[in-house]
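Student: Could you show me how to read contacts between side chains in a protein model?

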Amino acid sequence: MSTLDPRETRSTDAREADQLAQLKAQLAPDAASQITSLADLAKLPVLRKSELSKAQAANPPFGGIATKGITRLFQSPGPIYEPGGQGADWWRFASALRAAGIGAGDVVQNTFSYHFTPAGAMFESAAISVGAQVFAAGPGQTELQVRAAADLGVTAYAGTPDYLGAILTKADEMGADLSQITKALVSGGPLFPAVRQAYTDRGIHCLQCYGTADVGNIAFETTADAPMVIDEGVLVEIVTPGTGDPVPAGDIGEVVVTPLNPDYPLIRFATGDLSAIVPFVSDCGRTNQRLAGWKGRADQATKIKGMFVRPEQVADLVARMPTVARARVEVTHDGQRDEMTVKLETQETDATSFEAITSEVLKLHATIHLVAPGQLPRDGVVIADLR
């Protein structure tokens, strides 16, 4: 049986005509009147996360964006609130799972978080829609993860790129056989070549996908190391960062996404990620445009262990620490996992006194490093991604 959705193999003209009709149906009449082609989408304003957060604060919970059929409510750091609908594969990650070969007969260990953010629900609904069974593991408790994977006959993994390695390492320590895991779909962080190769060496076919809590699936790999194919349920533009102006094809710019979802019609949502549309012909049969993958951030918001840390959170952290003048978050990668260090300018000498509030505000564990006043660079950088 083919793993392709018929929409994935259609002609460019057929795709654009269908997507244009869907787009106009979810626009307000005055906006729809401006749109005669998908290129006209650039006439509409870009919606940025900071603007969405302010709109939600003024008009909770979703900033006045009309919603229907909403059955789930989520909160991501910021805070930003996201809805979830009851339809099968509401966030459209099934296409990514199928590309990774995951479907009927598989048992998927879903280690994405089910707490506050929608990632767990996103991948669970997608796995069920392709006929797989789901072990709703969530992150953490690695020894129990290993035991459950062995007992339940898990064949596929869904989660961040690093955590699969942690599970496999723990299995080796325990003498547990997890060789039945042969497939993986990862997201929430970079899949470094050495990490992918380590999984390949264990007989695990690992592909990655790209999405956000706000818009769901955006693009996904169909072949390892090849450009990602854009999902059929979204419109993707690449614009000059800080503007809504599309860049020439092939140039790197900010990813702006319009999901074709009348339940929650976000229009021209700026992800803050950098990428490019690239020409690529794959023998997988999918004909949609390809995305070059993650090329950095248009702003300083940075994804660490699957969670975004934003400049607004760093400012909040400093505001809650009367003896701290400045803070700087630095992100590194040790070959297996992300590591976060928070440098604080202060005359204090006890780093442990700042650990609890740092974890509360940034939602992640960090190593605290205290520096003397005036020692942090005055370069405007509050989140430095050193990976």
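Tutor: We will go through aromatic pairs and then salt bridges.

This is a predicted model, in which local features need pLDDT of at least 70 and side-chain atom pairs count only at pLDDT 80 or more, while totals for chains, interfaces and linings use all residues. Residues are numbered from 1 along each chain as its sequence is written, and side-chain values use heavy atoms, with hydrogens and water left out.

Student: How many aromatic pairs does a search of the whole structure find?

Tutor: Rings of Phe, Tyr and Trp (its six-membered ring) pair if their centres lie within 6.5 Å, and planes under 30 degrees apart count as stacked, over 60 as edge-to-face and the rest as tilted. The search of the whole structure finds five such pairs. In one of them, Trp 90 and Trp 91 sit edge-to-face, with 5.3 Å from centre to centre and 80° between the planes.

Student: Why does Trp 91 count as buried?

Tutor: Buried means under 20% relative accessible area, exposed over 50% and partly exposed in between (1.4 Å probe, protein chains only). Trp 91 has a relative accessible area of 2%, so the residue is buried, and Trp 90, at 11%, is buried too.

Student: Which side chain meets Glu 254 in a salt bridge?

Tutor: A salt bridge is a side-chain nitrogen of Lys or Arg within 4 Å of a carboxyl oxygen of Asp or Glu. By this rule there are 23 salt bridges, and in one of them Glu 254 meets Arg 48, at 2.9 Å from N to O. Glu 254 is buried, at 3% relative accessibility.
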